[in-house]
Amino acid sequence: MRTSDAISGSMAAALGAALIVASADLSPLPRQVYGAGTFPKVVGGLLLLMGGLLILKGLRQRQALVRWSGKVAGRPFLLALGAVVASVIAYVLLTPLLGFPVVAVTLLTLLFLMYHRRGWGRALLIAVMATAVIWMLFAQVLHVPLAPGLLEQVLY
Amino acid sequence: MNELLQAASMVLDAEVILVIIAASLFGLFMGAIPGLTATMATALLVPVTFFMEPLPAIAAIVSATAMAIVAGDIPGALLRMPGTPASAVYADEAYLLGKKGKLGLALGINVTCSMLGGIIGVAVLALFAPRIAEFALQFTSDEYFWLALLGLSCAILVAGGDPLKGAISMLIGLSLAMVGMDSVSGQMRFTMGSYDLLAGISLLPVLIGLFAITELLRSLPGAGQSAANVETPKGKLLDGVAGTTWRYKGGVARGGLLGTMIGALPGAGADIASWISYAISRKLSREPQKYGTGHPEGLVSASAANNAALSGAYIPALVFGIPGDTVTAIIIGVLTTKGITPGPDVFTEQGALVNAIFMVFVLANLLLLPLGLMAIKGAGRLLAVPTGVLYPLILMFCIVGAFSANNSMFDVWIMLGLGLVGVFLMENDFPLGPLILAFILGPIIESNFMRSILKSDGDLMAFVDRPIAMVLAGLAILTWTLIIANGIWKGRQAGRPGKAKTVA
């Protein structure tokens, strides 16, 4: 999705303004004018300036506010975006409850079904194998505490 | 001499060698598949390197990136689809050479010249880095402040496109770096009361989000389409390669040296090195009309340049702690988490480690030849890997990788957030390079600024009262002038009717 420079410029300017406001109550170092608030204010000021210039540029060139520019069509992109966002949210929320193996196998199976399109059986098989490899690498070799969850009794 | 022996014994360790080979194979796979870049390979490797000693960690990243850049040439020649952006400039040339029945020659040149370029780069790195480090020992916080600022400015200048957007991208990186506890006064900044943000935003989820999730979101929509049938070269691969390389030996040397220098510039990496080297080789060629029709000359220097740039990028990274490209930005992050702050002191205090790193470079580059040839033979199978399986796996790897740095789900949110920001920025032509460089250099700039200002009791003139600092300040101002001039020039071009589209 491509927006006019006026829109991305206003976003940058808004971020700059937010930085300046949020750093207002940071106190300088004792007997100094500089302190923790100096850099945020400088960066915020520059963001305001650059954002402003970008807004001017966008307005002067009369760019379309929002248009579709990607090489891929809109629908597949939104689908991919939805799949990635949903997977991450599902992972973060469900892993503490169900454990890594169950969540990973489920998510991977669904994603394979969506993008590989070779049927349930194969998707499930690859997902189980991939999850086992990731589990071996991260949980066993690198000692990352991936939650075993429901499979705790089985694995240990 | 003692240090060299010590370094050799560090490198010739079974674990290090194993890591180099495994990482090379990983890089080969990532580079050969279009849509997966060397930076993405590095971002995915970092979670694993977190658990290694410094040397194997660096060895893994060095070998994976070198191999990825070479492997990126393979789909370029076979499918006219560059595997990584660094091969984009000569993908056409290699493909056309292949159409003339010289596929083996095209790919053989890619691999051989990449190796030679890489070796030239390492030689320059090993020769000059210690000298520059010796000089850099005199630097104080004033010089480091200017140097880091200069690095950032250069990154905007070479990022191409609209300098205004490069600058905004950099400022976003600086803003992200400011979250958390201020290193000088210890005050909390922009944590919004969140406990997870007290220590700041960690590097790993930012990297994975910006470089892996962003790329994934751009490639995933096209996943699952069946790969084209690939014709792999038959017969002897290296036929005529030695002759052609020897004929254009000047091109190899020029590409190697130029690539190293471009790689050493902050923000400019392998892709810019290969573009510039190809263009210059065309300009200096005796038969420029043959370029673009399947002529090996440009291939020779550009192949050498992009691998040399990888080594070149380590010069500022190791000597000053200022990354030359996104990959070295990651290396600096990895070293810092291991308690090694890159800078001139590393050369005096950890001489053996520095020499061992150079040796790893040589080893990784020598490995390019056998592994590269193997990859060409197996290219058909490599390119037939179903993307519909690969991309979901990468997504799972990203999630687990982002989680693994601090074992925190919060980092997984950060990864997702930055992935989405990254896609939006890329779609709107904001370069991501300045953002990640600023994220890493931000704390360096700020802490050195505060240190200098405390030393001088608030006197800003202290920043320019030493000769080296004055020169660096002059260079920084020169860079800003160039950026602004560039911006105005591009703005004028965009203002003209008909040309607006190419710039915007």
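Modeller: In this predicted model, 55 residues of chain A are in contact with 49 residues of chain B (contact: C-beta atoms, placed from the backbone, within 7 Å). Local features need pLDDT of at least 70, side-chain atom pairs count only at pLDDT 80 or more, and totals for chains, interfaces and linings use all residues. Residues are numbered from 1 along each chain as its sequence is written, and chains are lettered from A and ligands numbered from 1 in the order in which they are written.

Biologist: How do the axes of helix 2 of chain A and helix 8 of chain B cross?
Modeller: They come within 10 Å and cross at roughly 150 degrees, with axes fitted to C-alpha atoms over the stretch in contact and angles running from 0 to 180 degrees between N-to-C directions. The two helices are therefore roughly antiparallel (over 145 degrees).

Biologist: Which residues of helix 2 of chain A meet helix 8 of chain B?
Modeller: Among them are A:Phe39, A:Val43 and A:Leu47, while the residues met in helix 8 of chain B include B:Leu164 and B:Ile168.

Biologist: Changing topic, how far does helix 4 of chain B reach?
Modeller: Its 18 residues (54–71) reach 26 Å from first C-alpha to last, close to the 26 Å expected at 1.5 Å a residue (1.5 Å times one less than the number of residues).

Biologist: How many of the residues of helix 4 of chain B are buried?
Modeller: In helix 4 of chain B, 17 of the 18 residues are buried (20 or more other C-beta atoms within 10 Å of the residue's own, placed from the backbone).

How values were computed
Helices (H or I, at least four residues) and strands (E, at least two) are DSSP runs, numbered from the N terminus. A residue is buried if 20 or more other C-beta atoms lie within 10 Å of its own, exposed if 12 or fewer, and partly exposed in between; C-beta atoms are placed from the backbone. Two residues are in contact if their C-beta atoms, placed from the backbone, lie within 7 Å. Angles under 35 degrees count as roughly parallel, over 145 as roughly antiparallel, 65 to 115 as roughly perpendicular and the rest as oblique.
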